[in-house]
Amino acid sequence: MGRGVEWEFDKVTFSREFSRNVVTKLLVERAEHGGWELDRVRITADGTRRVILRRRIIRAVRTA
């Protein structure tokens, strides 16, 4: 990661009732339309998926 890069994080939880394909489609849609990328996925013992997404915060620089 570059120096001075700021990230915004979002935590999403999917229950075990969602299939792998459905979760993939939902995450792909979020990535395409919201600019999110996958940071980490944790699958718990009961089958729940805990997903952390991130996207870079772009700060506007005042020019005048």
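Me: Just after H1, what phi does Gly35 take?
Reply: This is a predicted model, where local features need pLDDT of at least 70, side-chain atom pairs count only at pLDDT 80 or more, and totals for chains, interfaces and linings use all residues. Residues are numbered from 1 along each chain as its sequence is written, and side-chain values use heavy atoms, without hydrogens and water. Just after H1, Gly35 has a positive phi of about 80°.

Me: Is Leu26 buried, partly exposed or exposed?
Reply: Leu26 sits in H1, residues 20-34. Buried means under 20% relative accessible area, exposed over 50%, and partly exposed in between (1.4 Å probe, protein chains only). At 36%, Leu26 is therefore partly exposed.

Me: What pattern does the protein chain follow along the sequence?
Reply: The protein chain holds 1 helix and 3 strands. Read along the sequence, they give β-α-β-β.

Me: What radius of gyration does the protein chain have?
Reply: The radius is taken over C-alpha atoms, and the globule rule is 2.2 Å times the number of residues to the power 0.38. A compact globule of 64 residues would come near 11 Å, but this chain has 15 Å.

Key. Helices (H or I, at least four residues) and strands (E, at least two) are DSSP runs, numbered from the N terminus.
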